[in-house]
Amino acid sequence: MEQLNVTVGAVTRDLPTVRVGSTGRVPLVEFIGDPEFTNAVAAEMVALIPNGTEMLLSVVTNALPLVHELSDRSGIPYVVVRKKRRTYMQDPLIVDVPSMTMGVAETLWLDGPHAARLKGKRVTIVQDVIASGGTAQALARLTERAGGTVNGFLAAFKQGETTLPLHFLRELPKTI
Amino acid sequence: MKTHHVQVGTVSRELPIVEVAPGVSVALFNMLGDTEVTEAAGKALAALIPADVDILVTPEVKALSLAHVISRESGKPYIVIRKTQKPYMVDPVVREVVSITTGKPQTLVLDGFDVDKIRGHKVAIVDDVVSSGGTLHSISQIIQEVGGEVAAVIAVFTEGQERPEVTALGHLPLFT
C-alpha cells in the first residue's frame with residue numbers, strides 16, 4: 001500500500017489512511033496521543049500566527065493538544081467550540097456546518113461564557129487540518145456573532161482546495 | 001454570581017457555582033481553554049505518577065490537553081478513550097457501559113490499535129474531576145477487559161465524597 005510520510009522538525013510520521021467511497025484513501029493526521037509530533041508542529045506553527053492575534057479559536061477534538069501548545073508557546077489564550085450541547089452551557093451560540101468530508105452536517109456549540117471572551121478581540125481560527133474550509137467558515141461566523149473580528153485562518157495542514165486566506169505548515173494530498 | 005476559590009500550583013481561579021439538580025450546586029471546573037491551569041496541573045500531576053506506570057489513559061474531551069501535558073512532562077505515552085466510533089479505527093473495542101450514576105448506557109470506544117498498549121501494562125487513568133466515580137468505573141472496566149491493570153487514578157480535583165484511591169491536587173465540595 002502506498003505510504004505517505006510527513007516530517008516536521010526532527011519528527012517523521014507515516015500517516016494512516018482511511019478509504020472514503022471509491023475515491024481512494026485519505027491520509028489522516030493524528031495529534032491525540034502523540035506529544036512528540038504535536039510539539040514539533042506547534043514549534044513551527046507558532047511563527048505563522050498572524051500579527052495582532054489576541055485570541056485563538058478552535059474546535060474539538062484532534063486539534064486540542066496542538067492548540068494548547070500554540071497557546072502556551074505564544075501566550076495567546078484560546079477558546080474551544082464543541083460539537084455537542086453540554087448540560088452546563090449557558091446561552092450557547094449555535095451554528096451548522098455542511099460537512100464536505102463525510103457528507104454529514106455537524107452542529108457547533110460555543111458556550112456563552114466562552115463567547116464573551118471573544119468579544120472585541122482579534123481572533124485567529126486554528127485547526128489541525130483545513131480541507132474545504134466549511135468548519136473554518138462556521139468558526140468565523142461564530143466569532144462575528146460573539147462580537148469578535150476574524151484576524152486570520154491557521155492550520156497545520158491544508159488538504160485540498162479552499163478559497164480561505166490560509167496560513168499553513170504543510171500541504172497534504174486529498175487522496176493517495 | 002457565587003464562586004468557589006481554587007488553587008492549582010501557583011495559579012488561582014474563581015469557579016462559578018452552578019445548580020446542576022434541584023438543591024445541588026457544583027463549582028464548575030473546565031480546563032478547556034485555560035492554558036495556564038492545564039500547564040500548572042499537568043506539571044504537578046506528572047510528578048505524582050507512580051514510576052511503574054506504563055501508559056496514561058484519558059476519556060475525551062475535557063482532560064485531553066491535561067493528558068498531553070502530563071505525557072510531555074513525564075515521558076509516559078497517553079491514549080484517549082472515545083465516546084463514538086471513528087471510521088479510521090482498526091478493530092475497535094466498543095463497550096456499552098451502564099453509568100453507575102445516571103443508570104444510562106454510555107458508549108466507550110478503544111481503537112484496536114491501542115489495545116496492545118494496555119494489555120499486560122500498568123495504566124494510570126487521567127481525568128479533570130472525579131465526582132461520582134461513574135466515568136472512572138466505566139474506564140476501569142474497559143481497561144481490565146482488554147487485560148490492563150489500573151495502577152493509579154490521577155485527577156486535578158475530587159468532588160463530593162473523599163476518594164483515597166484518587167491522586168488529586170485538591171477537592172471540590174458539593175453545595176447544597
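How many residues does the contact take from chain A and from chain B? I began my notebook with this question, and I keep in mind throughout that the model is predicted.

**Entry 1: the interface**

I looked up the contact and found that 27 residues come from chain A and 25 residues from chain B. The size of an interface is often given as the accessible area lost when the parts come together, so I turned to that value next. Between chain A and chain B about 2,100 Å² is buried, and carbon and sulfur atoms give 60% of this area.

I then searched for charged pairs across the interface, and the count between chain A and chain B is one salt bridge. Its partners are A:Glu69 and B:Arg72, whose side chains meet at 2.6 Å, N to O. For polar contacts the rule finds seven residue pairs across the interface of chain A and chain B, with both residues at pLDDT 80 or more.

Which elements of chain A each supply at least two residues to the side that touches chain B? I noted helix 1 (35-45), helix 2 (64-74), strand 6 (78-81) and helix 3 (112-118) of chain A. Helix 2 of chain A gives the most to this side, with six residues. Sorted by class, the side of chain A that touches chain B has twelve nonpolar, eight polar and seven charged residues.

**Entry 2: the cavity**

The largest cavity has about 60 Å³ of space in it. From chain A its lining includes A:Val80, A:Arg82, A:Tyr88, A:Met89, A:Asp111 and A:His114, while B:Asn30 and B:Leu32 line it from chain B. I sorted the lining residues of the largest cavity by class, and they divide into four nonpolar, two polar and two charged.

**Entry 3: the second largest pocket**

I went on to the second largest pocket, in which about 540 Å³ of space lies. It is lined by 22 residues, and those closest to its centre are A:His114, A:Arg117, B:Pro16, B:Asn30 and B:Asp34. Helix 3 of chain A, together with strand 2 (11-21) and helix 1 (35-46) of chain B, are the elements that give two or more residues to this lining. Strand 2 of chain B provides the largest share, four residues. By class the lining of the second largest pocket divides into ten nonpolar, six polar and six charged residues.

**Entry 4: a salt bridge within chain B**

The side chains of B:Arg13 and B:Asp34 meet in a salt bridge at 2.8 Å, N to O. This pair links distant parts of the chain, with B:Arg13 in strand 2 of chain B and B:Asp34 in the loop between strand 3 (24-27) and helix 1 of chain B, 21 residues apart.

**Entry 5: the backbone**

Most residues other than glycine have a negative phi, and most peptide bonds are trans, so I looked for exceptions. A cis peptide bond joins A:Val60 and A:Thr61, with omega about 5 degrees, and A:Thr61 is in the loop between strand 5 (55-59) and helix 2 of chain A. In chain B the peptide bond from B:Glu60 to B:Val61 is cis, with omega near 10 degrees; B:Val61 lies in the loop between strand 4 (55-59) and helix 2 (64-74) of chain B.

Where is A:Asp91 placed? I found A:Asp91 in the loop between strand 6 and strand 7 (93-97) of chain A, and its phi is positive, about 45 degrees, although it is not a glycine.

Terms used: Residues are numbered from 1 along each chain as its sequence is written. Chains are lettered from A and ligands numbered from 1 in the order in which they are written. This is a predicted model: local features need pLDDT of at least 70, side-chain atom pairs count only at pLDDT 80 or more; totals for chains, interfaces and linings use all residues. Side-chain values use heavy atoms; hydrogens and water are left out. On a 1 Å grid over the protein atoms alone, a cavity is a set of points where a 1.4 Å probe fits but cannot get out, and a pocket is an open set with protein on both sides within 12 Å along at least five of seven lines; lining residues have an atom within 4 Å of a point. Grid points are joined across faces, edges and corners, and a volume is the space filled by probe spheres set on the points. Ala, Val, Leu, Ile, Met, Phe, Trp, Tyr, Cys and Pro count as nonpolar, Asp, Glu, Lys and Arg as charged, and the others, Gly among them, as polar. Contact means heavy atoms within 4.5 Å. Buried area is the accessible area (1.4 Å probe) that two parts lose on being put together, summed over both. A salt bridge is a side-chain nitrogen of Lys or Arg within 4 Å of a carboxyl oxygen of Asp or Glu. A polar contact is a pair of N or O atoms within 3.5 Å; within protein, one must be able to donate a hydrogen and the other to accept it, and residues adjacent in sequence count only if both atoms are side-chain atoms.
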